[in-house]
Structures are given as C-alpha cells and as structure tokens.
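Q: Please guide me through the reading of a protein model, feature by feature.

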Amino acid sequence: MTARILDGKGIAMTIRQEVAQRVSAFREKFGTSPKLVAVLVGQDPASQVYVRNKEIACQKAGIDSQVLKLDASTTTACLLETLDRLNQDPSVHGILVQLPLPDHLDSRLVLDRIDPSKDVDAFSPENVGLMTQGRPRFLPCTPHGVLQLLDRSGFEICGKHVVVVGRSDIVGKPLVNMCLQKSGPSGPSNANATVTCCHSQTLNLPAITRLADVLLVAIGKPNFITAQMVKPGAVVIDVGINRLGDRLVGDVDFESVCQVASAITPVPGGVGPLTIAMLLDNTLRAAESFHHRAS
Ligand code: NAP
C-alpha cells in the first residue's frame, strides 16, 4: 500500500480564504478590523520566523497585526505590565506570547495573565476548562488544525480508536480531549472517538500504536514512529517538526510508514500550515465576540 498524502497546505489555504471572507463581512458590519498582537521576547531565530509568518498570514486575511518585540532581558514584571496594557486596549482582540520564553521568565504566570477572552492560543485554564467541558470559547490551534485536516480530507473519527502519542498541554492533552467530545468543530463525526494517550512512560508503545485506526503523533523525536508501529490502513497525522541538518522532518518515519498507512501528513506541508489558519480563525472569533458583547 502507498499512503495518500494529505494536503495540509491546500486545506490551510482554503480555511484562510474562508476567514478572509468572514473578516471582510466583519469589517463591513463593525467598521473596524480584528487585531492580533504577538509578543516576542528575545531573538530566538525560529520564534522570529514563526511570528513573521503569523504576521504575514494576518495581513493576507485582512487582520491587523502587531509584533511587540521585547528584549531578552525583560523581567516577568515588565512582561505582565505589557499584557495588562494589551488586555485593557479595546482595539486589541487577540494576544499571543510566542513560546518558548527565555528561561528566567515564568511562562505559566505570563500565559495566565492574558485575558481569557483574548487568549487566541487557548492556553488559559479557563479556556482549557471550557474546551474540556465541551463548550469551547476558542479551540487550541494545532489540535484544531489536526481535526480540520482529518475532516476536510474525508476522515471521520466517530467510534474509531484514536491513539495520541504525546501529552503536552499544547498538543497531546487537548487532542485527547477534543477527540473525546460528543461533538467536534465539524460535528459529531469529527469527535466521539475511543481515545488512548501514550507518553514517554508508556510500556510496549508499538503494541498500542498498532491498535490505532487513527494515529496522532506529537512527541518531538525525528522519525520515531516506524512502519512496524502502524496498523495497515491506519490514518497517520504527524504533528512533529524537527530539524535534521538542513531538513525539517516529522516524528513519523515518512518513507516506511507510507508503505503501510492508508493516509499520512507530510512534514513540512501537513499540520504546520493549519496551526496558523486556526489562529486567524480564533482572532476573528475573539473580535466577533468582543463586538457582540459591546453591542
Ligand atoms: P513536548 O512538550 O516536548 O511534549 C512531548 C510529548 O511527547 C511528551 O508528552 C512526552 O512524554 C512525549 N514523548 C517524548 N518521548 C516519547 C517517547 N519516546 N515515547 C512516547 N512519548 C514520548 O512537545 P510538544 O510541544 O507537544 O510538540 C511535539 C512536537 O510537535 C514537536 O516536534 C513540536 O515542534 C511539534 N509541534 C508542531 C506544531 C505545528 O504547528 N505543527 C505545533 C506545536 C508543536 P512525557 O510527557 O512523558 O515527557
């Protein structure tokens, strides 16, 4: 079997065009644009690229964006003050702090300071709680991107065995939660899975991953999932982005897994582009709900 390669880039472009159309309707209705502010602390080259890509994507969708660049030596107090100011600014609808932060900063304290109604990454305890209870304000961008990718590629997860490898707060845990819900971003067929979550302490990982109808991998280990760990015909979504020399590779050994899976995402060009598309969607939602609250 040679797997179908899922086109994350194309699906992300479609979603971005849909968001751009909704932004245009928003502007007609409210006479203003949604606005996202990204806070970047320090000079990490990868973070600079990520923030720049988000800025370009916003511009293309008609969303105002601003990058606040703070020195690497910024104190937690100064960063919190900046966030307080952005929280109170009615022209700012979405706020994100680009991770990772320099080691001397308390990331949890910083992220918790973002007003939950502007928390477009959906990392705050309030937004995680709402999502877990099946009444999300925002869906976390990368897990939401994974579900959009599956749905728009024609795959339902309802009743299927989904195995998630990785339990980070950013990807693994929210993916588990979203797959478990009774309804997903595209309805019940995009949810209602039977979910198993694996992590670094899981015993006999290959025996579990081989049970997956849908295997979602987010561990940050290049080419870790091999063909022997995949059930023939499974759908494999690779969230990993790892630098190997001058190449980007996923957590899944693409060449070998292509021979057993029925469908697989490439890296790059798989989940990555969806993350930005879903960030735009959240920023627009934040602006819409701000104006509905205000009217
Ligand atoms: P993370 O915070 O480092 O979490 C990694 C998870 O993988 C942990 O839960 C860890 O288990 C688990 N793990 C590590 N080694 C394992 C092993 N040998 N077997 C089973 N589980 C193992 O990483 P993350 O933030 O979730 O990111 C994961 C990957 O996704 C990275 O490559 C990252 O760059 C990528 N990513 C991509 C996007 C995108 O837009 N496409 C967005 C975010 C992240 P423990 O909990 O037991 O330590």
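**Reading strands, loops and a ligand site**

Q: Which residue of strand 8 stands opposite V217?

A: V217 stands opposite D238. Helices (H or I, at least four residues) and strands (E, at least two) are DSSP runs, numbered from the N terminus. Two strands pair if DSSP finds at least two bridges between them. Here, strand 7 (residues 214-217) and strand 8 (residues 235-238) run parallel and are joined by four bridges.

Q: What should I know about the numbering and the limits of the model?

A: The model is predicted, and local features need pLDDT of at least 70, side-chain atom pairs count only at pLDDT 80 or more, while totals for chains, interfaces and linings use all residues. Residues are numbered from 1 along each chain as its sequence is written, and side-chain values use heavy atoms, with hydrogens and water left out.

Q: What is the strand order of the open sheet of six strands?

A: Strands of a sheet pair through backbone hydrogen bonds, either parallel or antiparallel. The order in this open sheet is 1-11-8-7-5-6, and the pairing is parallel. Strand 1 (4-5) and strand 6 stand at the edges; each has a single partner strand, so one side of each lacks a neighbour in the sheet.

Q: Is strand 2 mostly covered or uncovered?

A: The term buried means under 20% relative accessible area, exposed means over 50%, and partly exposed lies in between (1.4 Å probe, protein chains only). Strand 2 (residues 35-41) is mostly covered, with seven of its seven residues buried.

Q: How many bridges pair strand 2 with strand 3, and in which sense?

A: Strand 3 (residues 64-70) pairs with strand 2 in the parallel sense over seven bridges. At V41, the bridge partner in strand 3 is L70. Strand 4 (residues 94-97) also runs parallel to strand 2, joined to it by four bridges. There, V97 is the bridge partner of V39.

Q: What is the hand of the β-α-β unit made by strand 2, helix 2 and strand 3?

A: A crossover is right-handed if, with the strands pointing away from the viewer, the path from the first strand over the helix to the second runs clockwise. Strand 2, helix 2 (residues 45-61) and strand 3 make a right-handed unit.

Q: Which residues are closest to the ligand?

A: A residue belongs to the surroundings of a molecule if one of its heavy atoms lies within 4 Å of it. The ligand is surrounded by 21 residues, of which the closest are R167, S168, S200, I241 and T275. By class, this shell has nine nonpolar, ten polar and two charged residues. In that scheme Ala, Val, Leu, Ile, Met, Phe, Trp, Tyr, Cys and Pro count as nonpolar, Asp, Glu, Lys and Arg as charged, and the others, Gly among them, as polar.

Q: What atom of the ligand does a polar side-chain atom of S200 lie 2.5 Å from?

A: That ligand atom is an oxygen. A backbone N or O atom of I241 lies 3.0 Å from an oxygen atom of the ligand, and a backbone N or O atom of V239 lies 3.4 Å from a ligand nitrogen atom. Taken alone, the ligand exposes 920 Å², and the protein buries 71% of that. The areas come from the Shrake-Rupley method with a 1.4 Å probe.

Q: Is the peptide bond from L99 to P100 cis or trans?

A: Most residues other than glycine have a negative phi, and most peptide bonds are trans. The bond from L99 to P100 is cis, with omega near 0 degrees. P100 lies in the loop between strand 4 and helix 4 (107-113). The bond from V267 to P268 is likewise cis, with omega near 0 degrees, and P268 is found in the loop between strand 11 (263-264) and helix 10 (272-294).

Q: Is the phi of N192 positive or negative?

A: N192 is not a glycine, yet its phi is positive, near 60 degrees. N192 is found in the loop between helix 7 (172-180) and strand 6 (194-198), and it counts as partly exposed because its relative accessibility is 27%. N204 has a positive phi of about 50 degrees although it is not a glycine. N204 is placed in the loop between strand 6 and helix 8 (205-209), and its 54% relative accessibility is why it counts as exposed.

Conventions
Polar contact = N/O pair within 3.5 Å; in protein donor to acceptor, adjacent residues only side chain to side chain.
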